[in-house]
Structures are given as structure tokens and as C-alpha cells.
Amino acid sequence: MASLGLWVARRTHGAGAGGTAFGYAGGQAALMFGLAFVCVVETVAMSVLLSDWPTVHTVVLVLDVYTVVFVVALHAASVVRPHVVGPGGVRVRRAVHVDLWIPRERIGSVRRELRMTHEAADGVLDLAVGSQTNVTVELTEPVTHVGPLGGRREVFVVRFHADDADGLVRALTVGAAPL
């Protein structure tokens, strides 16, 4: 929910200190706002259907309004937490769920690669947006990905979506040590 405040204030989280931010929320914006619209329609419909039962109406209305706010907050979390390329490496993010730091010296190769399907594989982290990834980073040494529930795993390949994939790949390759 804190992301809503950052979004309204037009601020980002963790994109300062000489880093360049690359958003990824554009690929999911239509879906998220469509889902929020459907939730609003459902809120109105339930309000009309439950108007004869004031207690149930109030409870369902509170839950429905919370759902709309939550959906918008999920999108806001993606907007205010972009990927960040800095002098030391790249910070790959997915809303508040994933925040993976990849040091520049561990990057073996980086390329623009559009993928629409992602099969689960050991050592591969796929952070798809709208079922798509368009940047692939292959590592010389693994980095540790910590999941939302604390699970740890080593990853050698990270695939993710960036709205400006070409710019992100350029930022990682231009002026860097040999990749």
C-alpha cells in the first residue's frame, strides 16, 4: 500500500545514486486497469443486490473497495519499483515480490530476447510481464534469489521484461567491463 503514496507523489523506490531506471509496468497496465474496472462493476452490482441486507451490504462493500485499492496498489508497486542499472550492476525487480541484485562482474552476456513461453528450469528465473520476457542475462557465477516466502535458490539465467529493453541492454553493455 505504501506504493500508492509513492505513485501519487511520482517517486520511485531505490532508483537513485547514479542508477538509470527502466520500467516494466507498461506491459501489464491495460490488464491491471481492466481488472480494477471489473472489480468496480462487481462492487456496484453487489451493492445493488445486497441493498436489502445492510450488514452484509456493508461487509461486502468494504471488501470490494479494499479489492479495488489492492489491485491498483499492485500496479503502483510495479510502477514505483523499476529495474535499475548502475555502475555496479543491475537491480532486477518485480513489484515488491522480487528484488535481485546482479553485480556487473557476474554478467556473462546480456541480450534482447523476446520469449512468450517459460518452462520451469533449475537455475533460471523468469520474471514475465504479460507472459513475456524480452531481456536475458546469463551469469558467469550464480546469484541467490530469495523468494517472497524466504525460499533461496541459485540462478544462472535471469529473464525479465523491460518497457525499454534495447535501452536496458545498451546501458548494461556500453561502458562496461567486457561481458
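Colleague: What should I know about the model before we start?
Modeller: The model is predicted, so local features need pLDDT of at least 70 and side-chain atom pairs count only at pLDDT 80 or more, whereas totals for chains, interfaces and linings use all residues. Residues are numbered from 1 along each chain as its sequence is written, and side-chain values use heavy atoms, leaving out hydrogens and water.

Colleague: How many helices and strands are there in the protein?
Modeller: The protein has four helices and eight strands, where helices (H or I, at least four residues) and strands (E, at least two) are DSSP runs numbered from the N terminus. Their order from the N terminus is α-β-α-α-β-β-β-β-β-β-β-α.

Colleague: And what does the C-alpha trace span along its principal axes?
Modeller: The span is about 70 × 35 × 30 Å.

Colleague: Where is tyrosine 66?
Modeller: Tyrosine 66 lies in helix 3, residues 54-80.

Colleague: Why does tyrosine 66 count as partly exposed?
Modeller: Because its relative accessibility is 47%; buried means under 20% relative accessible area, exposed over 50%, and partly exposed in between (1.4 Å probe, protein chains only).

Colleague: Changing topic, how much of the protein counts as buried?
Modeller: Of its 179 residues, 37% count as buried.

Colleague: What about contacts between residues 24 or more positions apart?
Modeller: Such pairs account for 65% of the contacts with a separation of 6 or more, a contact being heavy atoms within 4.5 Å.
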